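This report describes one protein chain, from its overall fold to selected side-chain pairs. The sequence and the structure are shown first.

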Amino acid sequence: MCQESFASDAREHPPRDMDIQMSTRLPRSNSDMGMEAFNKQIQEIEKQVDKLSVLLKKLKDSNEESKSVTKASAMKAIRKRMEKDVDEVGKIARNVKSRIEAINKEVFLFSGNDMSILGNGSGRVSSLAKKFRDIMTEFQTLRQKIDDEYREVVERRVITVTGTRPDEETINNLIETGNSEQIFQNAMKEMGRGQVLNTLEEIQERHDAVREIEKKLLDLHQIYLDMAVLIDAQGELLDNIESQVTNTVDHVQSGTSALQTAKRLQKNSRKCMCIAIILLLIIIAIVVLAVLKPWNSSKGA
């Protein structure tokens, strides 16, 4: 009997561990799994954007290092390093751009008509896109900085070798072509070609490096523009969602007020009905008494 009773209790009240095991095997809702996948994608993209920040710092450091370099071989090594980093930036940036655009589309498919999910998802994508756009802006700022500093470095090289400050046209020609041999002809005659040759090679190497890096960084400008367009579209969407949510709240409040008014009217209607019934009963009683005239019967008796 005791064993049967224990078995019965076990069936009716399963152990807590069993409850936990059963709950862990219950399938989660599609919305839970969708949100989990969404969060994972956001985190992965954020890691890629963080890598871009690291590469940006490396490029800035390399650019600072290049300003003090005076040998062509050293400049060539820096150029290779910078070009490798810029290529990696382009690869990551294009990947991030395509993933942000893809996840932005998934937000609409996942959220359906749920304004709260749509607003939250779009907000996170917009925030991530802004962060990405900002770092793309920094790469364009670095591009302009490299170009400006290149002019300053070349001018200093010419002054150091020739002893004179070159005019604007000479500097512009040197920056455009990288050909500095004509500028240093007099210095070659005075100092010898061998002593000036390293400066010529260094300027040419610097010219090639700046132009190649500038070209690669300029290619990223389109990614910046695409993100700017996406952010503007997201801003309009979020404004629309906020407006819809506000309208929904207003409708709910209006509905609540209408219900309260209806309840008051219903309550007043019940009171009026009760009063009407009482008055009707009184009238019926008066009519009955008037017809029957029970007091006449009592007099006749």
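From the N terminus on, the elements of the chain run α-α-α-α-α-α-α-α-α-α, that is, 10 helices and zero strands. Helices (H or I, at least four residues) and strands (E, at least two) are DSSP runs, numbered from the N terminus. The model is predicted: local features need pLDDT of at least 70 and side-chain atom pairs count only at pLDDT 80 or more, while totals for chains, interfaces and linings use all residues. Residues are numbered from 1 along each chain as its sequence is written, and side-chain values use heavy atoms, with hydrogens and water left out.

Of the 301 residues, 28% count as buried; buried means under 20% relative accessible area, exposed over 50%, and partly exposed in between (1.4 Å probe, protein chains only). The chain exposes about 19800 Å², of which carbon and sulfur atoms supply 55%. Accessible areas come from the Shrake-Rupley method with a 1.4 Å probe, and for residues only the protein chains shown count as cover. Among contacts (heavy atoms within 4.5 Å) with a separation of 6 or more, residues 24 or more positions apart account for 78%.

**An annotated segment**

An unreviewed UniProt entry annotates residues 35-65 as "coiled-coil region". Such annotations may be inferred rather than shown by experiment; the positions follow the numbering used here, and feature names are shortened. In the model this segment is 100% helix and 0% strand, with its end C-alpha atoms 46 Å apart.

**Salt bridges**

Side chains of opposite charge can pair when their charged atoms come close. A salt bridge is a side-chain nitrogen of Lys or Arg within 4 Å of a carboxyl oxygen of Asp or Glu, and the whole structure holds 25 of them.

| Salt bridge | N to O distance |
|---|---|
| Glu205 and Arg79 | 3.0 Å |
| Asp226 and Lys97 | 3.5 Å |
| Arg211 and Glu214 | 2.9 Å |

In the pair of Glu205 and Arg79, Glu205 lies in helix H8 and Arg79 in helix H4 (residues 72-111), so parts 126 residues apart in sequence are tied together. Asp226 and Lys97 form a salt bridge between helix H9 and helix H4, so this pair ties together parts that are 129 residues apart in sequence. Asp226 is partly exposed at 24% relative accessibility, whereas Lys97 is buried at 17%. Arg211 and Glu214 are three residues apart in helix H8, about one helical turn.

A network of salt bridges links Glu64, Lys67, Lys145 and Glu149. Glu149 lies in helix H5 (residues 115-162) and is buried at 12% relative accessibility. Its side chain makes a polar contact of 3.3 Å with that of Lys67 and one of 2.6 Å with that of Lys145. A polar contact is a pair of N or O atoms within 3.5 Å; within protein, one must be able to donate a hydrogen and the other to accept it, and residues adjacent in sequence count only if both atoms are side-chain atoms.

**Nonpolar residues inside and outside**

Leu217, in helix H8 (residues 193-219), is buried with a relative accessible area of 0%. Not counting residues up to four places away in sequence, Leu217 touches Val86, Phe139, Gln140 and Arg143. On the surface, Met273, Ile277, Leu280, Leu281 and Ile284 form a nonpolar patch with about 500 Å² of accessible area together. Patches are made of residues with over 30% relative accessible area and no salt bridge; like charges are joined within 9 Å, nonpolar side chains (Val, Leu, Ile, Met, Phe, Trp, Tyr) within 5 Å. Leu280 belongs to helix H9 (residues 221-292).
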